[in-house]
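Q: Please go through this model and say what each label rests on.

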Amino acid sequence: MQTPAPFSYERATSVDHAIELLERLGPDSRIVAGGHSLLPMMKLRLAQPEAVIDINGLAGELGGISIDGSELVVGAMARHNDVLDSPLVAEHFPMLVDAEQVIADPVVRNRGTVGGSLCQADPAEDLSAALSALNAVATIRGTAGPRTVAVRELHTGPYETVVGDAEILTEIRIPIRDRCGSAYEKVERRVGDWAIAAAAVAVWMDGDTIADAGVGLAAVGAEHFVSPAAEAALRGQQPTDDVIAAAAAAAAADSSPTTDQRGPAEYKRHLAGELTARALRRAVARAQGGN
Ligand SMILES: Cc1cc2nc3c(=O)[nH]c(=O)nc-3n(C[C@H](O)[C@H](O)[C@H](O)COP(=O)(O)OP(=O)(O)OC[C@H]3O[C@@H](n4cnc5c(N)ncnc54)[C@H](O)[C@@H]3O)c2cc1C
């Protein structure tokens with residue numbers, strides 16, 4: 001089946017209007033942002049919303065990338081290419097540039113949004129792993145007002161999030177801390193494909209010691225896209241070969257991949273460890289002023 005089931009179409013004129021429409025049209029209504037995930041699912045009839053609420057008119061309200069105090073703020077309607085081209089992102093969080101460079105292709109990156117990626121919650125999705133490693137926080141708005149949720153608590157399972165039926169994710173806030181280095185490593189079958197496995201590592205250095213670390217994993221079944229064991233293996237340690245090997249082993253142990261057309265589970269588990277080690281080395285080098 002290549003055509004969607006019948007649905008009504010509404011165009012939101014503000015975030016408040018979008019929330020009002022979600023409330024009025026009920027749980028069978030869905031937000032559409034870039035449409036790169038929702039529309040294929042509707043064509044395949046894996047999703048059959050009765051109403052679609054278009055938020056593409058809200059780029060002014062939801063589209064920016066800016067600094068607010070000690071946080072980088074990325075609007076939910078920021079497109080992948082906005083993130084890729086942002087000097088603020090490149091300056092503070094090069095991991096996000098690494099990740100955006102390997103998300104799909106320019107056509108998808110022109111339309112796909114940060115909010116849509118996080119809310120789609122595909123287990124192989126790249127930004128959830130990257131933003132979880134950076135300890136980003138999502139702002140979600142509904143009729144009761146805004147609430148915040150750590151990105152690493154946003155997903156409750158594959159294709160499921162804590163965003164309620166009448167709520168909308170409005171922005172992501174990433175804390176900017178001194179001496180941060182970050183990097184993203186992904187292996188894909190061909191350019192532009194979803195990950196076979198990917199790892200995101202952020203480190204915050206105190207001298208030669210890793211004071212704090214965030215380790216994200218994509219496509220390997222890690223709960224909430226993170227590896228708490230790898231993070232624990234890094235905190236308070238110097239990035240020696242032994243420590244890097246321990247963190248890599250912990251990341252592999254925290255993953256629970258399945259065998260599918262992208263490869264056997266054991267290969268993906270091996271990649272989770274190897275990519276964590278590679279991203280970690282680059283993150284430390286960046287924190288120390290290199291690349
Ligand atoms: C060919 C192809 C290859 C791809 N490759 C990759 C890849 O390698 N890595 C990767 O990470 N992604 C990949 N993607 C996915 C891409 O990043 C999509 O842009 C993304 O999954 C969805 O973003 P969207 O804005 O299109 O969301 P939509 O399709 O519009 O929406 C997706 C879901 O999120 C909900 N939603 C959207 N915005 C909000 C919001 N602000 N608040 C609440 N709910 C919201 C919608 O209701 C829907 O349920 C690929 C997509 C395609 C088509």
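Q: Which elements do the buried residues of α6 pack against?
A: The model is predicted. In it, the buried residues of α6 pack against α4 (80-85), α5 (87-92), α7 (106-111), α9, β11 (180-188) and β12 (195-206).

Q: Which residues of helix α6 are buried, and what makes a residue count as buried?
A: A residue is called buried if 20 or more other C-beta atoms lie within 10 Å of its own. In α6, which spans residues 94-101, the label goes to Met95, Leu96, Asp98, Ala99 and Glu100. Each of these five is therefore taken to reach that cut-off.

Q: What makes β1 and β2 edge strands?
A: The order in this open sheet of 3 strands is β1-β3-β2, with parallel pairing. β1 (8-11) and β2 each have a single partner strand, so one side of each lacks a neighbour in the sheet. On average, neighbouring strands here are turned by 25 degrees against each other, direction ignored.

Q: How do you know that β1 pairs with β3?
A: Pairing requires at least two bridges. β1 and β3 (residues 51-54) run parallel and are joined by 4 bridges, so they count as paired. As an example, Glu10 has Ile53 in β3 as its bridge partner.

Q: What makes up the shell around the ligand?
A: 27 residues surround the ligand, and the closest are Gly34, Gly112, Gly115, Gly116 and Cys119. By class, the shell divides into 14 nonpolar, 10 polar and 3 charged residues. The largest share, 5 residues, comes from α8. Domain 1 (8-53) and domain 2 (62-175) each contribute at least three residues to this shell.

Key:
Residues are numbered from 1 along each chain as its sequence is written. This is a predicted model: local features need pLDDT of at least 70, side-chain atom pairs count only at pLDDT 80 or more; totals for chains, interfaces and linings use all residues. A residue is near a molecule or strand if its C-beta atom, placed from the backbone, lies within 6 Å of it. Helices (H or I, at least four residues) and strands (E, at least two) are DSSP runs, numbered from the N terminus. Ala, Val, Leu, Ile, Met, Phe, Trp, Tyr, Cys and Pro count as nonpolar, Asp, Glu, Lys and Arg as charged, and the others, Gly among them, as polar. Domain bounds come from an automatic or database domain assignment. A residue is buried if 20 or more other C-beta atoms lie within 10 Å of its own, exposed if 12 or fewer, and partly exposed in between; C-beta atoms are placed from the backbone. Two residues are in contact if their C-beta atoms, placed from the backbone, lie within 7 Å. Axes are lines fitted to C-alpha atoms, for helices over the stretch in contact, and angles run from 0 to 180 degrees between N-to-C directions.
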